[in-house]
There are 2 protein chains.
Amino acid sequence: MPLKPPGPLSLVPFVSVEHMMQLVIDTGVERMLSDIAAYIEEDFRRWELFDKTPRIASHSSEGVIELMPTSDGITYGFKYVNGHPKNMRDGKQTVTAFGVLADVDSGYPVLLTEMTLLTALRTAATSAVAAKYLAPEGSRTMAMIGNGAQCEFQALAFKAICGIDTVRLYDIDSRATAKAAANLKSSGLNVVACSTPEQAVEGAQIITTCTADKQYATILTDNMVGSGVHLNAIGGDCPGKTELHRDILLRSDIFVEYPPQTRIEGEIQQLDAEHPVTELWQVMTGTAPGRTSARQVTLFDSVGFAIEDFSALRYVNDRIKRSEHFTSLDLIADPDEPRDLYGMILRAAA
Amino acid sequence: MPLKPPGPLSLVPFVSVEHMMQLVIDTGVERMLSDIAAYIEEDFRRWELFDKTPRIASHSSEGVIELMPTSDGITYGFKYVNGHPKNMRDGKQTVTAFGVLADVDSGYPVLLTEMTLLTALRTAATSAVAAKYLAPEGSRTMAMIGNGAQCEFQALAFKAICGIDTVRLYDIDSRATAKAAANLKSSGLNVVACSTPEQAVEGAQIITTCTADKQYATILTDNMVGSGVHLNAIGGDCPGKTELHRDILLRSDIFVEYPPQTRIEGEIQQLDAEHPVTELWQVMTGTAPGRTSARQVTLFDSVGFAIEDFSALRYVNDRIKRSEHFTSLDLIADPDEPRDLYGMILRAAA
């Protein structure tokens with residue numbers, strides 16, 4: 001028998017996976033990537049006012065579970081996210097996530113949403129925003145090494161935000177490449193399936209690496225990276241997991257999200273703790289230079305930071321107000337009198 | 001138009017506030033407090049194998065939002081909880097919470113539940129478990145200073161777990177006392193409404209303080225605490241918020257949950273960082289003494305620790321398997337092929 005229906009203070013909007021898919025479909029994926037990118041850029045430009053902390057990780061032999069909180073003083077957000085490379089063998093996602101926005105003034109949650117899809121979108125949007133500032137002018141071709149769950153989102157974000165017209169795909173598993181090529185067939189991109197990483201990087205101004213092995217790997221060796229290239233390194237994102245040969249790092253100008261986190265998790269875990277890096281937000285606000293020459297190798301050593309999730313959550317929170325794509329969860333106890341929590345149960349039982 | 005229904009890997013059991021109330025009503029509140037206490041005791045006895053970290057707090061002028069994660073290596077849990085004393089003025093809860101359990105091996109969430117009610121239950125259960133080890137033998141009377149949302153849960157937990165038969169209530173707001181007295185009328189406890197804190201502590205072997213002001217307060221002065229008493233101090237639980245006069249601390253043997261957190265948040269923030277304290281789990285496992293004499297003043301300086309929430313989440317996760325009191329949320333993206341996240345959207349749109 002249902003009890004008294006939940007009061008308005010108890011209800012928190014919830015965006016399920018199905019609702020998120022409907023938001024993407026209604027909005028159009030490229031438009032949504034561009035819109036999320038605009039929210040990310042807006043938040044990176046006010047970087048200094050955010051509460052920042054490296055994510056809180058719980059490591060196990062098979063993977064990691066992380067909480068990524070931040071706040072701009074008005075709104076608080078956090079994401080729960082896992083990373084378990086072996087999940088794929090069991091038909092599960094390597095990375096799943098959900099997130100919450102809350103009102104700082106009351107502490108009450110205002111949004112709960114799936115973030116597996118949303119993380120894929122915000123990761124791609126962040127990569128493309130970084131490339132907008134760092135990639136060589138007139139970049140048209142991107143190599144995509146690693147054709148897993150993130151691949152198509154990257155390709156579409158670089159098309160929508162950076163004007164890329166060609167993607168060259170390579171994966172150690174050719175079925176992954178075939179999957180990505182099929183999914184991108186009608187995207188308007190020229191899609192070239194490659195059988196070696198060397199072939200994939202041919203003629204590319206931008207090289208994105210996004211592989212999932214939890215180990216020190218060498219997806220790119222030094223001789224594969226010519227001058228003037230922008231590297232977008234996504235997959236090296238936890239301690240013990242890197243993708244680029246150290247020599248590449250030594251001849252790149254390195255751009256990062258939040259140094260205290262990237263030094264532990266990113267490609268630069270291979271370097272001294274004092275190796276110079278530039279924070280991406282400083283490039284966006286004009287307080288640090290981005291690309292300064294056509295021959296320079298730029299590297300965005302991306303590990304994913306809480307502010308990007310915050311931006312994506314803000315976007316969804318605004319976006320669902322113009323849609324039907326959410327439900328409401330009875331998540332917060334709302335007794336008639338706030339101190340009468342026990343009385344609420346007593347009266348329900350009566 | 002609904003898309004393809006969510007696959008089984010996408011679904012996470014969700015316990016709403018209404019479902020939690022139904023669980024309490026079906027189980028009986030005293031039985032549920034006792035059962036949660038048993039889970040807490042079980043986890044405190046294996047304290048050493050947990051990942052432990054002080055909670056991650058985001059402070060603002062009006063309150064705090066915290067994430068409280070822990071893991072036993074098999075299961076991961078965390079709670080989102082706020083503390084906003086001024087919320088009451090707006091008809092909102094001072095403390096609201098929700099929590100998640102997840103499988104460490106895959107990182108997949110296995111339970112999402114409201115925890116406003118559950119936190120009230122676990123806080124009371126923890127207090128009573130501590131008192132079982134620390135309160136003087138034959139304790140029958142508890143003074144309850146602060147008659148807010150936590151009050152009745154404390155009274156019932158001490159009745160169910162410690163054999164208390166009398167509670168003496170005092171609150172600075174007599175309406176709160178009247179509310180608690182009315183709610184406890186049919187509980188089987190002798191309920192004495194008092195008009196001063198001095199009157200409330202008369203003849204009490206256990207004194208529980210649970211007030212909500214975010215400030216250094218002196219709910220108990222030194223002369224109010226006689227020898228042989230057990231103090232259960234709940235309300236001093238964040239930096240700048242204490243309830244007991246420092247002199248009381250200096251003549252008490254102090255027991256805490258997790259010293260790195262309690263030194264920042266508990267009553268002992270008033271003391272030197274080296275002041276000796278005993279960890280409650282050590283008393284439970286017999287590796288440290290609890291109460292050693294009838295005249296000793298024992299103080300459980302409780303701030304609430306992640307392992308208590310973990311125990312409560314474990315309880316709910318087990319309990320709902322014998323009930324109908326949950327729904328399932330489509331929280332985790334579950335494409336046909338794990339790497340084909342984008343294809344899932346494409347196919348839904350087709």
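The exercises below concern helices in a predicted model.

**Exercise 1.** Which residues of helix H5 (residues 174-183) of chain B are buried, and where do they lie around the axis?

Solution. Start with the list: Ala176(B), Thr177(B), Lys179(B), Ala180(B) and Asn183(B) are the buried residues of H5(B). Around the axis they cover an arc of only 160°, so they are on the same side of H5(B). Next, look at the other side of H5(B), where Ser174(B) and Arg175(B) are exposed. Then find what the buried residues pack against: helix H11 (341-349) of chain A, and from chain B helix H4 (151-162), strand E8 (166-170) and strand E9 (190-193). Finally, inspect the N-terminal end of H5(B), which is capped by Asp173(B). A side-chain oxygen of Asp173(B) lies 2.9 Å from the backbone nitrogen of Arg175(B).

**Exercise 2.** What span should helix H4 (residues 151-162) of chain A have, and how far apart are its end C-alpha atoms?

Solution. H4(A) has twelve residues; at 1.5 Å a residue, they should span 16 Å. The end C-alpha atoms are 16 Å apart, which agrees. Of the twelve residues, ten are buried, among them Phe153(A), Leu156(A) and Ile161(A). Just after H4(A), the phi of Gly163(A) is positive, about 75°.

**Exercise 3.** How are H4(A) and helix H2 (residues 29-44) of chain A oriented to each other?

Solution. Take the axes: they come within 9 Å and cross at roughly 75°. Angles of 65 to 115 degrees count as roughly perpendicular, and H2(A) and H4(A) are therefore roughly perpendicular to each other. To locate the contact, note that residues of H2(A) including Leu33(A) and Ala37(A) meet residues of H4(A) including Phe153(A) and Ala157(A).

Technical notes:
Residues are numbered from 1 along each chain as its sequence is written. Chains are lettered from A and ligands numbered from 1 in the order in which they are written. This is a predicted model: local features need pLDDT of at least 70, side-chain atom pairs count only at pLDDT 80 or more; totals for chains, interfaces and linings use all residues. Side-chain values use heavy atoms; hydrogens and water are left out. Buried means under 20% relative accessible area, exposed over 50%, partly exposed in between (1.4 Å probe, protein chains only). Helices (H or I, at least four residues) and strands (E, at least two) are DSSP runs, numbered from the N terminus. The arc is that of the directions from the helix axis to the C-beta atoms. Contact means heavy atoms within 4.5 Å. A polar contact is a pair of N or O atoms within 3.5 Å; within protein, one must be able to donate a hydrogen and the other to accept it, and residues adjacent in sequence count only if both atoms are side-chain atoms. The expected span of a helix is 1.5 Å times one less than its number of residues. Axes are lines fitted to C-alpha atoms, for helices over the stretch in contact, and angles run from 0 to 180 degrees between N-to-C directions. Angles under 35 degrees count as roughly parallel, over 145 as roughly antiparallel, 65 to 115 as roughly perpendicular and the rest as oblique.
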